[in-house]
Amino acid sequence: MVHFEEDVGKAARFLAILPSFMKRIAGRNATVIDKRVQQCLDYLRPAIDDRMAMMTRFGKDWADRPDDLLQWTIDEVVARTQGPEEVARMVLFINFGAISTTSAAIIRALYDISVHPELVNTLREEVTVEAAVAEEGWTKVGINKMRKLDSFLRECERHNSPLPVTLSDGTFLPKGATVVTPTLATHFDEENYSNAALFDPLRSYKSDKSVQPRLTITSPDYVTFGHGKHACPGRFFTSDELKAMLAYIVVNHNVKSEYEGVRPENLRRGLTNYPNDTARVLFRKRQVG
Ligand code: HEM
């Protein structure tokens with residue numbers, strides 16, 4: 001999955017410099033994408049064959065039919081009368097949107113936490129003492145109770161918005177123009193956030209859980225995951241994943257930045273804002289008991 005994502009990036013950069021009439025042939029012959037699809041299919045085929053066999057034998061809704069991404073993908077591919085290769089393509093495509101986004105988010109969070117050492121205690125307390133894991137264990141319900149952690153992640157995403165500003169206000173957009181949503185401007189607009197430049201990890205935390213805007217809640221003033229019809233469908237998954245990783249880290253480690261109090265600067269690549277990929281964060285395993 002990870003190699004596929006890297007290869008698509010490389011292929012895109014390579015194809016971008018070729019004239020259009022060469023792109024199709026070069027895309028097939030000079031990139032390794034098809035090989036990655038085959039590799040993915042090798043992994044998935046036994047599972048796909050099992051599911052297909054169950055579908056043939058028991059119809060669409062057999063007892064214990066898995067309710068997971070693989071099954072939804074197979075359902076879609078069967079409805080389109082396509083084959084297993086298409087399942088592999090879809091799974092790769094979905095993971096394409098899932099991996100670098102989530103890795104970047106955990107790096108941003110680690111950089112942010114490394115310059116707020118006091119925050120480690122606040123979050124750790126919530127995870128271990130204030131019931132989350134203590135009451136529910138490492139479960140989805142437990143993760144759902146980590147509301148300070150949720151607020152912290154929401155603030156990390158607001159403050160390090162992945163895409164900076166470009167247009168549009170009715171301006172004519174010629175064919176081929178690049179259009180992006182103004183995430184950074186939205187997240188730093190004082191009309192949306194008071195003291196917007198301030199990183200406040202508990203900005204969204206509310207003692208009344210019914211009014212706390214969660215990391216997964218999109219709105220016109222919180223567009224990390226887009227908003228509306230095409231808002232990121234992976235945001236619930238990524239939220240649980242990020243919270244589980246961070247909760248584990250703060251419970252088991254102390255974290256600080258390499259240069260005390262200095263957060264590694266984000267890097268701009270084209271229109272995208274990436275977390276610094278060479279900076280270091282220091283971890284010390286906690287001595288408990
Ligand atoms: C921190 C992590 C993530 C961020 C910041 C993020 C962000 C986004 C954004 C901004 C969009 C475009 C929304 C729009 O067009 O308005 C999007 C779409 C999408 N994301 Fe994510 N995403 C993340 C994680 C994931 C994960 C984990 C998955 C899959 C498991 C995923 C799957 C998708 C898919 C399939 C779309 C296309 C939706 C559509 O066009 O209808 N994303 N994401």
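A residue is called buried here when its relative accessible area is under 20%, exposed when that area is over 50%, and partly exposed in between, with a 1.4 Å probe and protein chains only. The model is a predicted one, in which local features need pLDDT of at least 70 and side-chain atom pairs count only at pLDDT 80 or more, while totals for chains, interfaces and linings use all residues. Residues are numbered from 1 along each chain as its sequence is written, and side-chain values use heavy atoms, with hydrogens and water left out.

By these cut-offs I94, at 37% relative accessibility, counts as partly exposed, and its place is in helix α5; helices are DSSP runs of H or I with at least four residues, numbered from the N terminus. Together with L69, W72 and F93, I94 forms a nonpolar patch on the surface, with about 420 Å² of accessible area in total. The elements that give two or more residues to this patch are α4 and α5. A patch of this kind is made of residues with over 30% relative accessible area and no salt bridge, nonpolar side chains (Val, Leu, Ile, Met, Phe, Trp, Tyr) being joined within 5 Å, and the areas come from the Shrake-Rupley method with a 1.4 Å probe, where for residues only the protein chains shown count as cover.

Helix α5 itself has 31 residues and reaches 45 Å from its first C-alpha to its last, close to the 45 Å expected at 1.5 Å a residue, the expected span being 1.5 Å times one less than the number of residues. A kink of about 25° is centred on N95 in this helix, where the bend at a residue is the angle between axes fitted to the seven residues ending there and the seven starting there.

Helix α3, which covers residues 33–58, has 26 residues and spans 35 Å between its first and last C-alpha, close to the expected 38 Å. Its kink, of about 50°, lies at L44, shortly before the proline P46. Among the buried residues of α3 are I33, V37, L41, L44 and M55, and the buried residues of this helix pack against α1 (2–16), α4 (69–79) and α5 (84–114). After α3 comes G59, whose phi is positive, near 85°.

The charged side chains can be followed next. With a salt bridge taken as a side-chain nitrogen of Lys or Arg within 4 Å of a carboxyl oxygen of Asp or Glu, the count comes to 16 salt bridges. One of them joins E76 and R80 at 2.9 Å, N to O; E76 is partly exposed at 36% relative accessibility, and R80 is partly exposed at 41%. Another joins R108 and E157 at 3.1 Å, N to O. R108 lies in helix α5 and E157 in helix α9 (residues 147–159), so this pair ties together parts that are 49 residues apart in sequence, and both residues are buried. R214 and D150 meet in a salt bridge at 3.9 Å, N to O, linking the loop between α10 and α11 (235–252), where R214 lies, to helix α9, which holds D150, across 64 residues; R214 and D150 are buried. R28, D34, E85 and R89 are linked in a network of salt bridges.

Finally, T186 has its place in helix α10 (residues 183–187) and is buried, with a relative accessible area of 14%. Leaving aside its neighbours within four places in sequence, T186 is in contact with N192, Y193, P220, D221 and V223, contact meaning heavy atoms within 4.5 Å.

How values were computed. Patch = residues over 30% accessible without salt bridge, like charges linked within 9 Å, V, L, I, M, F, W, Y side chains within 5 Å.
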